[in-house]
Amino acid sequence: MPKKQIVEKVNRMSRTEHERHPLQTEAIAKKRLHNGIEIYQNNEGETEFLYNEIFHKEMYFKHGITLPDNGTVMDVGANIGMFTLYASSKSNCKVYAFEPLPPTFKLLKMNTSSLPRVTTVNVGLSNEIKEAEFAYFPTMSTDSVQIKYRENHDQDLRYGLINHYGDDFADPRMLNRFVDHLMSPKLLNEQIYRCKLTTISEMIRYYDLNQIDLLKIDVEKSEFEVLEGIHPEDWGKIKQIVMEVHGLDGEQISRLENIFRTNGFYAVIDYYEDLNIPNYYNVYAFNQMHTSAG
C-alpha cells in the first residue's frame, strides 16, 4: 500500500472520536461483497477478512461439516451476520443469530432484515442467565470480549489487526508501525457495554427446537461457558458443532475433548495455521448418534 493511502486510511479511522457512537459514522457504510451481496459494516478491513474466512475459505465446513437444507442453524457470536448470510445463501435453513453487543447487533439486524428465515437475538450465550460487561472495539468488533477476559487481550487484538491488514503492506515494518498506531487508545475507541446472556438450552426451550443441525460458536474466549450452558438432555438434539477456540493449552484441549466425548460427540481439533496466532484452533464436532443413524 502506498504511503499516501496508509495516511488516508489512518486519518479515516482517526475521525471516529471516543465520544461519538460508531453507528453514527463509518459503521453505517454499505459494502458490496465479491459475490454481490450488500452489507452494512463496521470497517472494510474487517469485512474483507470475514468474507475471505467464511465465503472464500469456507473455514466452518471442513472435516465433513455440512449445511442442511430446511434445517436449523444457531449462529452464536454472529457479529454483523457474515456466517448467517453465508448459511442463508447456501441453503433454505432457519437461522437463529445471537449477538450481545448493541452496535454490532444493529448491523446484524440491518444485514438480515430481508431474510424471513433468520431470527436475530440481542443476547449472548453463556452457562447461565445473567448480565456481563463487554469491551467493544469499533475497529475490531470481532475481537470484542467479556471484561473478565480483557486482561492480556491486547496481544489478540494485535494479531487480529496484522491479519486484517497484512495484505496491504509489502514491508512488515510498515505493517507493524500501522498496527502500533491502530492500537492507540484513541483509535481502538474501547467502549464498555453491559449485555444480557442466556444459555443454549434456554433458547432451545424458548423457540421449541427439536433439533439443531449445526451449532456455530465464535465467542472470543467464552467457548467453555457456552458449552456448559447445554443441559445433558439437550446435547442429543445437536447434530454438528463448529467453533473457534482461543488461547488453549494442552490441559484445556483435553478438557474440551472430554466435554465432547462425554456428550457423545467425535471432535476434530485443528490448529489454525493460516492466521499465525498461537493456540488458535477450529473445532469440528459430530454427534455420533446422528452420524450412526445417517
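Tutor: Take R150, which lies in the loop between β8 (145-146) and α5 (154-165). Keep in mind that this is a predicted model.

Student: Is R150 buried or exposed?

Tutor: R150 has a relative accessible area of 16%. The cut-off for buried is under 20%, so R150 counts as buried.

Student: And what does R150 touch?

Tutor: Leaving out residues up to four places away in sequence, R150 touches A135, F137, V145, L157 and E190.

Student: Back up to the whole chain. How many helices and strands?

Tutor: The protein chain has eleven helices and 13 strands. It is 294 residues, of which 54% count as buried.

Student: What about the surface, how much of it belongs to carbon and sulfur?

Tutor: The accessible surface comes to about 13,700 Å², and 47% of that belongs to carbon and sulfur atoms.

Student: What share of the contacts is between residues 24 or more positions apart?

Tutor: Counting contacts with a separation of 6 or more, 65% are between residues 24 or more positions apart.

Student: Now the inside. Which residues have the most contacts in the largest nonpolar core?

Tutor: M74, L215, I241 and F260, in a core of 33 residues. Several elements each supply at least two residues of this core, including β3 (72-76), β4 (94-98), β10 (214-217), β11 (240-246) and α10 (250-262). The most comes from α10, with four residues.

Student: Why would such side chains end up together?

Tutor: In soluble globular proteins, nonpolar side chains tend to be buried together.

Student: Pick M74. What is around it?

Tutor: Not counting residues up to four places away in sequence, M74 touches Y96, F98, I200, M203, I204, L209, I212, L214, L215 and K216. There is also a second, separate core of 28 residues, which includes Y51, Y86, A87 and Y280.

Student: Change of topic: sheets. What is the strand order in the open sheet of four strands?

Tutor: The order is β6-β9-β7-β8, and the pairing is mixed. β6 (124-125) and β8 stand at the edges with a single partner strand each, so one side of each has no neighbour in the sheet.

Student: Which way do β6 and β9 run, parallel or antiparallel?

Tutor: Parallel: two bridges join β6 to β9 (residues 191-198). G124 has L197 as its bridge partner in β9, and L125 has T198.

Student: And how many bridges between β7 and β9?

Tutor: Seven, in the antiparallel sense, with β7 covering residues 130-136.

Student: Helices next. Which residues of α6 are buried?

Tutor: In α6 (residues 172-182), L175, F178, V179 and L182 are buried. These cover an arc of only 100° around the axis, so they sit on the same side of α6.

Student: Why does that kind of spacing work?

Tutor: An α-helix has 3.6 residues a turn, so residues three or four places apart point the same way.

Student: What does the face of α6 turned away from the buried side carry?

Tutor: That face carries R173 and R177, which are exposed.

Student: Last one: cysteines. How many disulfides?

Tutor: Zero, by the rule that the sulfur atoms must be within 2.5 Å.

Student: Where do C93 and C195 stand, buried or exposed?

Tutor: C93 is buried, with a relative accessible area of 2%. C195 is also buried, at 2% relative accessibility.

Key: Residues numbered from 1 in each chain as written. Predicted model: local features only at pLDDT ≥ 70, side-chain atom pairs only at ≥ 80, totals over all residues. Heavy atoms only, no water. Buried < 20%, exposed > 50% of the residue type's maximum accessible area, 1.4 Å probe, protein only. Contact = heavy atoms within 4.5 Å. Areas by Shrake-Rupley, 256 points an atom, 1.4 Å probe, with all protein chains shown as cover. Core = buried A, V, L, I, M, F, W, Y, C linked by side-chain atoms within 4.5 Å. Pairing = 2+ DSSP bridges. Arc of directions from axis to C-beta.
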